[in-house]
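Hello,

Here is the structure I promised to pass on to you. Have a look at it first, and my notes on what turned up follow just below.

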Amino acid sequence: MADQPQGNLVYKEFTGLRDDRPAHRFSPADLATGTNIDIDNSGEISRRPGYTQTLAGSFHSLWSDNTLGLVVLGGALNKIDYSFGLSVLKTLAASKAHVSYSKVSDRVYFSNGTDIGIVENGVARTWGITHPPLPAVSVTVGSMPQGTYQFVMTYSRADGQESGAVMAGVINVLDGSGLTFAMPVSTDSGVTLKTVYLTTANSEILYAAMILTNGTVVATYANDTTELMLPLLTQYLSPPPAGQLVTYYRGRVFVAAGDTIYPSEPYAYELFDLRKGIALDGRVVMMATIEDKEHSEDSPHDSGFFVSTDRSTGVMVGGPPFSYVPKADYGAVEGALTYVDGDMYGDDSIKTRLLPLWLSTRGICVGMPSLEVKNLTRTKYNSIVAAGTGAAVSMPDPLNKIILTSNF
(Lines give C-alpha, C1' and ligand atoms only; values in the text may rest on other atoms or scores of the structure.)
Protein backbone atom coordinates (compact mmCIF):
# COMPACT_ATOMS: atom_id res chain seq x y z
CA MET A 1 0.00 0.00 0.00
CA ALA A 2 1.33 3.39 -0.93
CA ASP A 3 2.12 5.77 1.91
CA GLN A 4 -0.70 8.18 2.77
CA PRO A 5 0.11 11.90 2.98
CA GLN A 6 0.70 13.12 6.52
CA GLY A 7 -0.11 16.47 8.17
CA ASN A 8 -2.67 19.11 7.28
CA LEU A 9 -4.56 19.25 4.01
CA VAL A 10 -4.27 22.81 2.64
CA TYR A 11 -7.01 24.38 0.51
CA LYS A 12 -5.58 27.35 -1.34
CA GLU A 13 -8.75 28.84 -2.75
CA PHE A 14 -12.52 28.49 -2.75
CA THR A 15 -15.09 29.21 -5.46
CA GLY A 16 -18.22 29.27 -3.32
CA LEU A 17 -21.22 27.13 -2.47
CA ARG A 18 -22.64 24.50 -4.76
CA ASP A 19 -25.21 21.75 -4.53
CA ASP A 20 -25.55 20.64 -8.13
CA ARG A 21 -23.59 17.43 -7.54
CA PRO A 22 -22.98 14.99 -4.66
CA ALA A 23 -20.45 16.16 -2.08
CA HIS A 24 -18.10 13.25 -2.90
CA ARG A 25 -17.70 14.74 -6.40
CA PHE A 26 -16.78 18.22 -5.17
CA SER A 27 -13.47 19.75 -6.21
CA PRO A 28 -11.23 21.08 -3.41
CA ALA A 29 -12.47 24.60 -4.22
CA ASP A 30 -16.16 23.82 -3.64
CA LEU A 31 -18.04 24.51 -0.41
CA ALA A 32 -21.04 22.59 0.91
CA THR A 33 -21.81 25.18 3.58
CA GLY A 34 -20.47 28.58 4.52
CA THR A 35 -21.58 30.62 7.52
CA ASN A 36 -20.51 34.24 8.05
CA ILE A 37 -17.57 34.07 5.69
CA ASP A 38 -16.45 36.12 2.69
CA ILE A 39 -14.48 34.87 -0.30
CA ASP A 40 -12.20 37.43 -1.95
CA ASN A 41 -11.07 37.65 -5.58
CA SER A 42 -8.17 35.26 -4.93
CA GLY A 43 -10.45 32.58 -3.46
CA GLU A 44 -9.32 33.14 0.14
CA ILE A 45 -11.93 32.98 2.88
CA SER A 46 -12.17 35.33 5.84
CA ARG A 47 -14.57 35.96 8.68
CA ARG A 48 -17.40 38.28 7.63
CA PRO A 49 -17.15 41.70 9.33
CA GLY A 50 -19.75 42.59 11.92
CA TYR A 51 -21.51 45.90 12.47
CA THR A 52 -21.93 48.59 15.11
CA GLN A 53 -25.44 49.58 16.09
CA THR A 54 -26.13 53.26 15.54
CA LEU A 55 -29.87 53.45 16.17
CA ALA A 56 -32.21 51.05 17.94
CA GLY A 57 -35.78 50.47 16.85
CA SER A 58 -38.06 48.56 14.52
CA PHE A 59 -36.95 50.17 11.25
CA HIS A 60 -37.85 49.31 7.68
CA SER A 61 -37.75 50.83 4.18
CA LEU A 62 -34.26 52.33 4.51
CA TRP A 63 -33.16 54.43 1.51
CA SER A 64 -30.27 56.80 0.82
CA ASP A 65 -28.57 58.54 -2.08
CA ASN A 66 -25.52 59.46 0.06
CA THR A 67 -27.04 62.91 0.63
CA LEU A 68 -30.54 62.24 1.91
CA GLY A 69 -31.50 59.29 4.11
CA LEU A 70 -35.07 58.06 4.66
CA VAL A 71 -36.44 55.31 6.87
CA VAL A 72 -39.75 54.25 8.43
CA LEU A 73 -39.95 54.10 12.24
CA GLY A 74 -42.90 54.29 14.57
CA GLY A 75 -45.48 54.53 11.82
CA ALA A 76 -43.84 57.52 10.15
CA LEU A 77 -41.43 58.32 7.34
CA ASN A 78 -38.30 59.85 8.87
CA LYS A 79 -35.36 61.80 7.53
CA ILE A 80 -31.91 60.74 8.78
CA ASP A 81 -29.35 63.51 9.32
CA TYR A 82 -25.56 63.14 9.22
CA SER A 83 -25.38 62.50 12.97
CA PHE A 84 -28.03 59.76 12.63
CA GLY A 85 -30.73 61.89 14.18
CA LEU A 86 -34.30 61.35 12.98
CA SER A 87 -37.01 63.85 12.11
CA VAL A 88 -40.56 62.91 11.12
CA LEU A 89 -41.57 63.86 7.57
CA LYS A 90 -44.96 62.16 7.26
CA THR A 91 -47.19 59.96 9.39
CA LEU A 92 -48.14 56.87 7.38
CA ALA A 93 -51.55 55.26 7.29
CA ALA A 94 -49.95 51.92 6.35
CA SER A 95 -47.16 51.95 8.92
CA LYS A 96 -45.87 48.43 8.25
CA ALA A 97 -46.00 48.49 4.43
CA HIS A 98 -42.66 48.66 2.61
CA VAL A 99 -41.98 52.07 1.03
CA SER A 100 -40.59 52.23 -2.51
CA TYR A 101 -38.55 55.28 -3.54
CA SER A 102 -37.37 56.80 -6.81
CA LYS A 103 -35.23 59.92 -7.04
CA VAL A 104 -35.66 62.21 -10.05
CA SER A 105 -33.57 65.38 -10.04
CA ASP A 106 -33.93 66.90 -6.56
CA ARG A 107 -37.18 65.11 -5.64
CA VAL A 108 -37.74 61.68 -4.12
CA TYR A 109 -41.06 60.07 -5.06
CA PHE A 110 -42.36 57.45 -2.62
CA SER A 111 -45.31 55.09 -2.22
CA ASN A 112 -46.19 52.08 -0.07
CA GLY A 113 -49.47 51.02 -1.64
CA THR A 114 -51.50 53.35 0.58
CA ASP A 115 -49.42 56.47 1.23
CA ILE A 116 -47.82 58.49 -1.57
CA GLY A 117 -45.76 61.65 -1.54
CA ILE A 118 -42.64 63.56 -2.54
CA VAL A 119 -39.68 64.59 -0.42
CA GLU A 120 -38.32 67.91 -1.69
CA ASN A 121 -35.90 70.25 0.08
CA GLY A 122 -36.07 68.02 3.14
CA VAL A 123 -39.87 68.27 3.43
CA ALA A 124 -42.61 65.78 2.50
CA ARG A 125 -45.52 67.02 0.41
CA THR A 126 -48.31 65.65 -1.75
CA TRP A 127 -47.55 63.87 -5.02
CA GLY A 128 -49.95 65.36 -7.51
CA ILE A 129 -53.11 67.34 -6.81
CA THR A 130 -56.54 65.80 -6.50
CA HIS A 131 -58.71 67.45 -9.13
CA PRO A 132 -61.82 69.37 -8.05
CA PRO A 133 -65.38 68.41 -8.91
CA LEU A 134 -67.32 70.52 -11.36
CA PRO A 135 -68.30 73.91 -9.96
CA ALA A 136 -71.99 74.72 -9.75
CA VAL A 137 -72.94 77.23 -12.47
CA SER A 138 -75.80 79.67 -13.03
CA VAL A 139 -76.60 82.19 -15.78
CA THR A 140 -76.32 85.92 -15.14
CA VAL A 141 -75.93 89.11 -17.20
CA GLY A 142 -72.78 89.60 -19.30
CA SER A 143 -71.34 89.82 -22.81
CA MET A 144 -71.21 86.15 -23.84
CA PRO A 145 -72.77 85.40 -27.24
CA GLN A 146 -75.56 82.87 -27.51
CA GLY A 147 -74.47 79.26 -27.72
CA THR A 148 -73.48 76.06 -25.93
CA TYR A 149 -70.48 76.27 -23.58
CA GLN A 150 -68.38 73.69 -21.76
CA PHE A 151 -66.72 74.46 -18.41
CA VAL A 152 -64.43 72.83 -15.88
CA MET A 153 -62.03 73.77 -13.07
CA THR A 154 -58.50 72.87 -11.85
CA TYR A 155 -56.36 73.50 -8.77
CA SER A 156 -52.73 74.73 -8.87
CA ARG A 157 -49.81 74.98 -6.47
CA ALA A 158 -47.46 77.94 -6.12
CA ASP A 159 -44.76 76.04 -8.07
CA GLY A 160 -47.03 75.97 -11.13
CA GLN A 161 -48.14 72.35 -10.84
CA GLU A 162 -51.75 72.06 -12.04
CA SER A 163 -54.21 69.31 -11.25
CA GLY A 164 -56.10 67.29 -13.80
CA ALA A 165 -59.73 67.97 -14.58
CA VAL A 166 -62.91 65.95 -14.79
CA MET A 167 -65.20 65.73 -17.81
CA ALA A 168 -66.48 69.21 -18.63
CA GLY A 169 -69.98 70.37 -17.83
CA VAL A 170 -72.26 71.88 -20.49
CA ILE A 171 -74.58 74.89 -20.34
CA ASN A 172 -76.63 76.84 -22.92
CA VAL A 173 -76.85 80.64 -22.71
CA LEU A 174 -78.61 83.42 -24.58
CA ASP A 175 -76.88 86.42 -26.13
CA GLY A 176 -75.69 88.93 -23.53
CA SER A 177 -75.25 86.40 -20.73
CA GLY A 178 -72.59 85.68 -18.13
CA LEU A 179 -71.87 82.71 -15.87
CA THR A 180 -71.55 82.64 -12.09
CA PHE A 181 -69.55 79.75 -10.61
CA ALA A 182 -69.86 78.41 -7.06
CA MET A 183 -66.56 76.62 -6.44
CA PRO A 184 -65.15 74.17 -3.88
CA VAL A 185 -61.98 75.00 -1.91
CA SER A 186 -59.07 72.54 -1.95
CA THR A 187 -58.05 71.11 1.42
CA ASP A 188 -54.50 70.53 0.10
CA SER A 189 -52.33 73.06 1.93
CA GLY A 190 -50.09 73.40 -1.12
CA VAL A 191 -52.90 74.58 -3.41
CA THR A 192 -52.95 78.36 -3.86
CA LEU A 193 -54.95 78.93 -7.06
CA LYS A 194 -57.92 77.62 -9.02
CA THR A 195 -58.64 78.13 -12.70
CA VAL A 196 -62.02 78.10 -14.40
CA TYR A 197 -61.89 76.96 -18.03
CA LEU A 198 -64.49 77.76 -20.70
CA THR A 199 -64.96 77.03 -24.37
CA THR A 200 -66.07 79.67 -26.83
CA ALA A 201 -69.63 79.35 -28.11
CA ASN A 202 -70.38 75.94 -29.68
CA SER A 203 -66.73 74.87 -29.44
CA GLU A 204 -64.87 72.01 -27.70
CA ILE A 205 -61.50 73.51 -26.72
CA LEU A 206 -61.38 74.67 -23.09
CA TYR A 207 -59.45 77.88 -22.32
CA ALA A 208 -58.50 79.54 -19.03
CA ALA A 209 -61.19 82.11 -18.29
CA MET A 210 -60.52 83.05 -14.65
CA ILE A 211 -57.53 82.41 -12.34
CA LEU A 212 -58.61 82.83 -8.72
CA THR A 213 -57.24 82.24 -5.24
CA ASN A 214 -58.03 78.91 -3.63
CA GLY A 215 -60.23 80.60 -1.04
CA THR A 216 -62.56 82.11 -3.66
CA VAL A 217 -65.97 80.43 -3.53
CA VAL A 218 -68.02 82.52 -6.01
CA ALA A 219 -66.88 84.27 -9.21
CA THR A 220 -68.60 85.56 -12.34
CA TYR A 221 -67.38 85.49 -15.92
CA ALA A 222 -69.10 88.20 -18.00
CA ASN A 223 -66.72 88.80 -20.96
CA ASP A 224 -67.38 88.01 -24.62
CA THR A 225 -64.83 85.08 -24.71
CA THR A 226 -62.67 86.70 -27.43
CA GLU A 227 -59.76 86.96 -24.98
CA LEU A 228 -59.66 83.21 -24.27
CA MET A 229 -56.27 81.85 -25.47
CA LEU A 230 -54.66 79.48 -22.92
CA PRO A 231 -55.91 75.90 -23.48
CA LEU A 232 -56.43 73.25 -20.80
CA LEU A 233 -53.69 70.59 -21.01
CA THR A 234 -54.53 68.32 -18.07
CA GLN A 235 -58.07 67.11 -18.69
CA TYR A 236 -58.67 63.47 -17.64
CA LEU A 237 -55.30 63.35 -15.82
CA SER A 238 -54.90 62.40 -12.15
CA PRO A 239 -52.34 62.03 -9.39
CA PRO A 240 -50.61 58.63 -9.35
CA PRO A 241 -52.35 55.63 -7.81
CA ALA A 242 -50.91 54.43 -4.51
CA GLY A 243 -48.66 51.58 -5.61
CA GLN A 244 -46.23 49.14 -4.04
CA LEU A 245 -43.35 50.09 -6.36
CA VAL A 246 -42.01 53.27 -7.98
CA THR A 247 -39.26 53.74 -10.57
CA TYR A 248 -38.07 56.24 -13.16
CA TYR A 249 -37.27 55.54 -16.80
CA ARG A 250 -36.65 57.93 -19.68
CA GLY A 251 -38.73 60.91 -18.73
CA ARG A 252 -41.52 59.07 -16.91
CA VAL A 253 -42.19 57.85 -13.39
CA PHE A 254 -43.78 54.39 -13.29
CA VAL A 255 -46.00 53.23 -10.43
CA ALA A 256 -46.92 49.57 -9.96
CA ALA A 257 -50.27 49.14 -8.19
CA GLY A 258 -51.26 45.50 -7.77
CA ASP A 259 -50.83 43.80 -11.15
CA THR A 260 -50.80 47.01 -13.20
CA ILE A 261 -48.04 49.48 -14.09
CA TYR A 262 -49.00 53.12 -14.68
CA PRO A 263 -46.67 55.53 -16.53
CA SER A 264 -46.75 59.24 -15.81
CA GLU A 265 -47.12 61.72 -18.61
CA PRO A 266 -43.73 62.51 -20.23
CA TYR A 267 -41.70 64.81 -17.97
CA ALA A 268 -44.85 65.46 -15.96
CA TYR A 269 -44.30 63.16 -13.00
CA GLU A 270 -47.37 64.31 -11.04
CA LEU A 271 -49.88 63.65 -13.81
CA PHE A 272 -51.10 60.18 -14.80
CA ASP A 273 -53.66 58.99 -17.32
CA LEU A 274 -55.05 55.97 -15.49
CA ARG A 275 -56.51 54.66 -18.74
CA LYS A 276 -52.95 53.86 -19.87
CA GLY A 277 -52.21 51.22 -17.21
CA ILE A 278 -50.42 48.05 -18.38
CA ALA A 279 -51.91 44.94 -16.76
CA LEU A 280 -49.54 41.97 -16.20
CA ASP A 281 -49.98 38.34 -15.17
CA GLY A 282 -49.71 38.86 -11.41
CA ARG A 283 -48.70 41.26 -8.65
CA VAL A 284 -45.74 43.39 -9.77
CA VAL A 285 -42.87 42.72 -7.35
CA MET A 286 -39.92 44.39 -9.13
CA MET A 287 -39.21 47.21 -11.56
CA ALA A 288 -35.51 47.73 -12.35
CA THR A 289 -33.98 50.11 -14.85
CA ILE A 290 -30.42 49.84 -16.13
CA GLU A 291 -28.64 52.77 -14.54
CA ASP A 292 -25.65 54.51 -16.05
CA LYS A 293 -22.88 55.72 -13.72
CA GLU A 294 -22.66 58.90 -15.73
CA HIS A 295 -26.47 59.36 -15.48
CA SER A 296 -27.02 59.57 -19.22
CA GLU A 297 -30.76 59.37 -19.86
CA ASP A 298 -30.31 59.05 -23.61
CA SER A 299 -28.01 56.03 -23.79
CA PRO A 300 -28.69 54.13 -27.03
CA HIS A 301 -28.22 50.80 -25.21
CA ASP A 302 -31.37 51.25 -23.14
CA SER A 303 -34.60 50.19 -24.79
CA GLY A 304 -36.60 49.01 -21.81
CA PHE A 305 -36.49 48.03 -18.14
CA PHE A 306 -36.85 44.82 -16.17
CA VAL A 307 -40.13 43.84 -14.54
CA SER A 308 -41.07 40.86 -12.39
CA THR A 309 -44.41 39.68 -11.20
CA ASP A 310 -44.94 36.88 -8.71
CA ARG A 311 -45.17 34.55 -11.74
CA SER A 312 -42.71 35.74 -14.39
CA THR A 313 -39.84 38.08 -15.24
CA GLY A 314 -39.54 40.16 -18.38
CA VAL A 315 -38.92 43.62 -19.78
CA MET A 316 -41.12 46.61 -20.45
CA VAL A 317 -40.28 47.93 -23.92
CA GLY A 318 -41.46 50.53 -26.38
CA GLY A 319 -43.43 53.51 -25.28
CA PRO A 320 -45.86 54.78 -25.75
CA PRO A 321 -47.55 52.38 -25.91
CA PHE A 322 -45.51 50.13 -23.61
CA SER A 323 -45.59 46.35 -23.78
CA TYR A 324 -44.33 43.54 -21.56
CA VAL A 325 -42.02 40.88 -23.06
CA PRO A 326 -41.55 37.75 -20.85
CA LYS A 327 -37.99 36.48 -20.33
CA ALA A 328 -38.29 33.87 -17.56
CA ASP A 329 -41.13 31.77 -16.18
CA TYR A 330 -40.37 32.65 -12.56
CA GLY A 331 -40.68 35.85 -10.58
CA ALA A 332 -38.62 37.92 -8.15
CA VAL A 333 -38.69 38.41 -4.40
CA GLU A 334 -40.23 41.78 -3.68
CA GLY A 335 -37.71 44.23 -2.19
CA ALA A 336 -34.62 42.07 -2.87
CA LEU A 337 -33.14 44.35 -5.55
CA THR A 338 -29.78 46.13 -5.67
CA TYR A 339 -27.35 47.46 -8.30
CA VAL A 340 -23.85 46.20 -9.14
CA ASP A 341 -20.96 47.25 -11.35
CA GLY A 342 -21.42 46.03 -14.90
CA ASP A 343 -17.78 44.96 -15.22
CA MET A 344 -18.57 42.01 -12.93
CA TYR A 345 -20.63 40.42 -15.69
CA GLY A 346 -19.35 41.50 -19.08
CA ASP A 347 -16.70 43.17 -21.18
CA ASP A 348 -15.50 46.77 -21.19
CA SER A 349 -18.65 47.95 -22.94
CA ILE A 350 -20.61 47.20 -19.77
CA LYS A 351 -18.27 48.32 -16.99
CA THR A 352 -19.40 51.94 -16.95
CA ARG A 353 -22.96 50.89 -16.17
CA LEU A 354 -24.83 49.80 -13.05
CA LEU A 355 -26.85 46.64 -13.59
CA PRO A 356 -29.84 45.49 -11.53
CA LEU A 357 -29.34 42.34 -9.47
CA TRP A 358 -32.16 40.64 -7.61
CA LEU A 359 -33.16 37.52 -5.72
CA SER A 360 -35.62 35.53 -7.78
CA THR A 361 -37.65 32.53 -6.73
CA ARG A 362 -35.00 30.38 -8.47
CA GLY A 363 -31.75 32.09 -7.61
CA ILE A 364 -29.85 35.34 -7.97
CA CYS A 365 -30.30 37.11 -11.31
CA VAL A 366 -28.75 40.10 -13.03
CA GLY A 367 -30.31 42.17 -15.80
CA MET A 368 -27.98 42.66 -18.75
CA PRO A 369 -27.83 45.66 -21.15
CA SER A 370 -29.12 43.33 -23.88
CA LEU A 371 -32.30 43.08 -21.74
CA GLU A 372 -31.63 39.40 -21.10
CA VAL A 373 -31.93 37.88 -17.62
CA LYS A 374 -28.78 36.08 -16.43
CA ASN A 375 -29.32 33.63 -13.56
CA LEU A 376 -26.00 33.54 -11.66
CA THR A 377 -26.70 30.61 -9.35
CA ARG A 378 -28.95 28.20 -11.21
CA THR A 379 -26.11 26.18 -12.77
CA LYS A 380 -24.29 25.76 -9.44
CA TYR A 381 -26.70 26.12 -6.55
CA ASN A 382 -30.29 24.91 -6.85
CA SER A 383 -31.56 24.83 -3.29
CA ILE A 384 -32.72 28.45 -3.12
CA VAL A 385 -36.37 28.48 -2.13
CA ALA A 386 -37.54 32.08 -2.03
CA ALA A 387 -40.89 33.84 -1.91
CA GLY A 388 -42.59 36.74 -0.21
CA THR A 389 -40.42 39.79 0.47
CA GLY A 390 -36.72 40.38 1.03
CA ALA A 391 -33.81 42.79 0.77
CA ALA A 392 -30.52 43.05 -1.10
CA VAL A 393 -27.35 45.12 -0.85
CA SER A 394 -24.08 45.34 -2.79
CA MET A 395 -20.87 46.09 -0.86
CA PRO A 396 -17.92 46.23 -3.29
CA ASP A 397 -14.35 46.86 -2.13
CA PRO A 398 -10.92 46.29 -3.77
CA LEU A 399 -10.79 42.59 -2.82
CA ASN A 400 -14.46 41.60 -2.53
CA LYS A 401 -17.63 42.20 -4.45
CA ILE A 402 -20.13 41.16 -1.78
CA ILE A 403 -23.82 40.88 -2.59
CA LEU A 404 -26.21 40.00 0.20
CA THR A 405 -29.80 38.94 -0.37
CA SER A 406 -32.31 37.89 2.24
CA ASN A 407 -35.81 36.50 2.19
CA PHE A 408 -38.30 37.00 5.01
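Let me start with one lysine: K327 has a relative accessibility of 33%, so it counts as partly exposed. Please keep in mind throughout that this is a predicted model.

**Salt bridges**

K327 has a salt-bridge partner in E372, and their closest N and O atoms lie 2.9 Å apart. The two residues are 45 positions apart in the chain and connect distant parts of it: K327 belongs to strand 29 (residues 322–328), while E372 sits in the loop between strand 32 and strand 33.

How many salt bridges does the structure hold? There are 12. Another one joins the side chains of R107 and E270, at 3.4 Å from N to O. This pair also ties together distant parts of the chain, 163 residues apart, with R107 in strand 10 (residues 107–111) and E270 in strand 23 (residues 268–272). Is E270 buried or exposed? Its relative accessibility is 2%, so E270 counts as buried.

A further salt bridge is formed by E334 and R283, whose closest N and O atoms are 3.1 Å apart. Here the separation is 51 residues: E334 is part of strand 30, and R283 lies in the loop between strand 24 (278–279) and strand 25. E334 is buried at 11% relative accessibility, whereas R283 is partly exposed at 37%.

R107 and E270 also belong to a network of salt bridges, together with E120, R125, R157 and D159. In general, side chains of opposite charge can pair when their charged atoms come close.

R125 leads on to a sheet, since strand 12 covers 123–125. The sheet is open and has four strands in the order 9-10-11-12, paired in the antiparallel sense. Strand 9 (100–104) and strand 12 are the edge strands; each has a single partner strand, so one side of each has no neighbour in the sheet. On average, neighbouring strands here are turned by 25 degrees against each other, direction ignored.

Strand 12 pairs with strand 11 (residues 116–120) through three bridges in the antiparallel sense, and I118 stands opposite R125. The loop between these two strands holds N121, which has a positive phi near 55 degrees without being a glycine. Most residues other than glycine have a negative phi. N121 is exposed, at 68% relative accessible area.

L371 is another non-glycine residue with a positive phi, in this case about 70 degrees. L371 lies in the loop between strand 32 and strand 33 (373–375).

**A second pairing**

Strand 14 (residues 147–157) and strand 15 are joined by five bridges, again antiparallel. Within this pairing, Y149 has I171 of strand 15 as its bridge partner. I171 is on the covered face of strand 15 (residues 169–173), along with G169 and V173, and V170 and N172 make up the uncovered face. In a regular strand, side chains alternate between the two faces of the sheet.

**Cores and a surface patch**

Which residues have the most contacts inside the largest nonpolar core? They are M286, F306, L355 and W358, in a core of 22 residues. At least two residues of this core come from each of strand 25 (284–288), strand 30 (332–341), strand 31 (353–360) and strand 32 (363–367). There is also a second, separate core of 21 residues, with M144, M153, Y155 and L228 among them.

On the surface, L55, F84 and L86 form a nonpolar patch with about 240 Å² of accessible area together. F84 is located in the loop between strand 7 (76–80) and strand 8 (86–91), and counts as partly exposed because its relative accessibility is 44%.

Terms used
Residues numbered from 1 in each chain as written. Predicted model: local features only at pLDDT ≥ 70, side-chain atom pairs only at ≥ 80, totals over all residues. Heavy atoms only, no water. Core = buried A, V, L, I, M, F, W, Y, C linked by side-chain atoms within 4.5 Å. Buried < 20%, exposed > 50% of the residue type's maximum accessible area, 1.4 Å probe, protein only. Pairing = 2+ DSSP bridges. Axes fitted to C-alpha atoms, helices over the stretch in contact; angles between N-to-C directions. Salt bridge = Lys/Arg side-chain N within 4 Å of Asp/Glu carboxyl O. Patch = residues over 30% accessible without salt bridge, like charges linked within 9 Å, V, L, I, M, F, W, Y side chains within 5 Å. Areas by Shrake-Rupley, 256 points an atom, 1.4 Å probe, with all protein chains shown as cover.
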